[in-house]
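Hello,

Here is the structure I promised to pass on to you. Have a look at it first, and then read on for what turned up in it.

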Amino acid sequence: HGWDYRRLVCQHAKVTLEKELSFTMDKIAANFSNYSAWHYRSSLLPKVHPGSREGTVKEDVLLEEYSLVQNATFTDPGDQSGWFYHRWLTGREKPALDFLLLYISKETRTVTLHLTQQIRIQEVELTVRMNGVPLSLGYGMLPDTLLCSPLWYADIPGDALVGDCDNEWKATVRSLDGTEAHADLSVKASEQKARFTGNIPRNHLFSCELSAARTSVVGRKETTKVVDQATNTNWSPKTSGRCSRACCL
């Protein structure tokens, strides 16, 4: 690949990383669709502008990059190169495995589980207990999620909701490396639905490298602009809905 050869030549020629970062900007300015330039830029930023922890990037630089990629995505929203870089910027670190939502609905007799990470149901141990008794559940997910999803749902067995009494629900997920997370929820007899909304602030999921205040501001701007973009382009309702939902997490 030409870019790999360039990196080799630059290494032997003692070309500085700062000059290479500037070179990627020239290539991106000439063509927003230059995926290789975006990718090379993502590998250079942690080295040229390192954050407080290894592999991270300074907050001010991340915000500048966010403005840069916005110009690309709104100039040509159909091009994937800018969107891949956008995703890299807004998801710089993988959040710890935890529950964002445990939702019980007596009306639809369903339990919904939303996690901080995408999982394959075959690769984790996911259990739901009611009053200490594990339920036998067949989990499903949204269409088009290719077997890996952060959002799962299941039908509650018919005999589980018999009787008029309060119930204690507990969901547990355990990954292959032994990481474990729990969600506890009390559902009163008079309630038709109840939810546990997790322990992780939602703005921390936008980017673990941005401060909570700046993340909140960027998140609100992102939601507004994506909705506007969906309105003014030919995106399908499904695409618009998925983008809007992702911005609101």
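**What is in the model**

The protein's secondary structure amounts to 8 helices and 8 strands. Please keep in mind that this is a predicted model. Of its 249 residues, 41% count as buried. The protein exposes about 14,300 Å², and carbon and sulfur atoms supply 52% of that area. If you look at contacts between residues at least 6 apart in sequence, 59% of them join residues at least 24 apart.

To find one of the partners, go to Val111, whose bridge partner in E5 is Ala154.

Strand E2 also holds Thr116. With a relative accessibility of 13%, Thr116 counts as buried, because the cut-off is under 20%. The side chain of Thr116 reaches the backbone nitrogen of Asp98 at 3.0 Å.

**The sheet with E3 and E4**

There is also an open sheet of 4 strands in the order E4-E3-E6-E7, and its pairing is antiparallel. Strand E4 (133-134) and E7 stand at its edges with a single partner strand each, so one side of each has no neighbour in the sheet. E3 and E4 pair in the antiparallel sense over 2 bridges. Arg129 has Pro134 in E4 as its bridge partner.

**The nonpolar cores**

In soluble globular proteins, nonpolar side chains tend to be buried together. Which residues have the most contacts inside the largest nonpolar core here? They are Phe99, Leu102 and Trp169, in a core of 29 residues. At least two residues of this core come from each of these strands: E1 (99-105), E2, E3 (125-130), E5, E6 (167-174), E7 (180-187) and E8. Apart from this core lies another one, of 18 residues, including Ala37, Tyr40, Val48 and Tyr85.

Terms used
Residues numbered from 1 in each chain as written. Predicted model: local features only at pLDDT ≥ 70, side-chain atom pairs only at ≥ 80, totals over all residues. Heavy atoms only, no water. Pairing = 2+ DSSP bridges. Buried < 20%, exposed > 50% of the residue type's maximum accessible area, 1.4 Å probe, protein only. Polar contact = N/O pair within 3.5 Å; in protein donor to acceptor, adjacent residues only side chain to side chain. Core = buried A, V, L, I, M, F, W, Y, C linked by side-chain atoms within 4.5 Å. Contact = heavy atoms within 4.5 Å. Areas by Shrake-Rupley, 256 points an atom, 1.4 Å probe, with all protein chains shown as cover.
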